[in-house]
Amino acid sequence: MQTQEPIVYQGQFGEFSIDDHDRQGVILYRSGLAIAALSFAIAVGLAFSQNFAWITPLYFVFWTALGVSLFTIHIYLKPLHLALQAFWAIGGLASIGMLLLSSEPLALYVYQHPITIFGIGFTFAALTGIFVKEAFCFNRFETKFLTPIVPSLLLGHLSGILPLVWEQVLLGGWAVLFAIFAIRKLIQPIPPDIGDKSVFEYLKHKQA
């Protein structure tokens, strides 16, 4: 495999270069998003057809892929990055706990027991964090819609104020926009996802 020569950029706090390791990280980040979006879309289709059994393994594929993205995403604020990773871990542990407590498919159990959103909802809070980051950094129209859709659906179901038809509309919109987002990320140039590495170095030395 041929190694691409690093390109030198002028950052806010000095020069920096992008190497193969940086590019591989972005590829992993985007691959994780693509797998998460695909598994989520399939799961939503199964939910609409009342086929809940396969949603459980699809959720854990989604959760694992989301974890890959959260550990390879470039976020300047380290506390925020760590918080999103912690949300992801809490959501996963809560999901495993639900599997141990109930013999029902995970999606059906969560739907019938809205209080469980206080646990599994952390997974989707982590995903929403990615949407917020992408909306802020790249001004993507789909993430501007996804950012309010995800908490609106979860909190609406938790409180019981959303009619079923509106839950279906929001869930379907979430799946479609998430797929659009993942596809657009796959064709985006790599350097913007790496960001200004001089900022990372500056923050690293400032915190040391």
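The model is predicted, so local features need pLDDT of at least 70 and side-chain atom pairs count only at pLDDT 80 or more, while totals for chains, interfaces and linings use all residues. Residues are numbered from 1 along each chain as its sequence is written, and side-chain values use heavy atoms, with hydrogens and water left out.

**Packing of H2 and H5**

Two packed helices are described by the angle between their axes and the distance between the axes. For helix H2 (residues 55–72) and helix H5 (residues 117–138), the axes come within 11 Å and cross at roughly 45 degrees. H2 is therefore oblique to H5; angles under 35 degrees count as roughly parallel, over 145 as roughly antiparallel, 65 to 115 as roughly perpendicular and the rest as oblique. Axes are lines fitted to C-alpha atoms, for helices over the stretch in contact, and angles run from 0 to 180 degrees between N-to-C directions.

On the H2 side, Tyr59, Phe62, Trp63, Leu66, Ser69 and Leu70 meet Ile120, Thr123, Phe124, Ala126, Leu127 and Ile130 of H5, where contact means heavy atoms within 4.5 Å. By class, this contact of H2 with H5 comprises 10 nonpolar, 2 polar and no charged residues. Ala, Val, Leu, Ile, Met, Phe, Trp, Tyr, Cys and Pro count as nonpolar, Asp, Glu, Lys and Arg as charged, and the others, Gly among them, as polar.

**Overall composition**

The protein has 9 helices and 2 strands, and from the N terminus on its elements run β-β-α-α-α-α-α-α-α-α-α. Helices (H or I, at least four residues) and strands (E, at least two) are DSSP runs, numbered from the N terminus. Of the 208 residues, 42% are buried. Among contacts with a separation of 6 or more, 71% join residues 24 or more positions apart.

**Helix H7**

Helix H7 (residues 164–186) has 23 residues and spans 33 Å from its first C-alpha to its last, close to the 33 Å expected at 1.5 Å a residue; the expected span is 1.5 Å times one less than the number of residues. Its buried residues include Glu167, Trp174, Phe178 and Lys185. The buried residues of H7 pack against H1, H2, helix H4 (106–112), H5, H6 and helix H8 (191–194).

**Individual residues**

The table gives relative accessible areas; buried means under 20%, exposed over 50%, partly exposed in between (1.4 Å probe, protein chains only).

| Residue | Relative accessible area | Class |
|---|---|---|
| Arg30 | 5% | buried |
| Leu158 | 24% | partly exposed |
| Asn139 | 51% | exposed |
| Gln50 | 58% | exposed |

Arg30 belongs to helix H1 (residues 20–48). Leaving aside neighbours within four places in sequence, Arg30 is in contact with Lys185, Leu186, Gln188, Pro189, Ile190 and Asp193. The C-alpha atoms of Leu158 and His113 are 8.6 Å apart, at a sequence distance of 45 residues.

Most residues other than glycine have a negative phi. Gln50, in the loop between H1 and H2, has a positive phi of about 65 degrees although it is not a glycine. Asn139, in the loop between H5 and H6, has a positive phi near 55 degrees.
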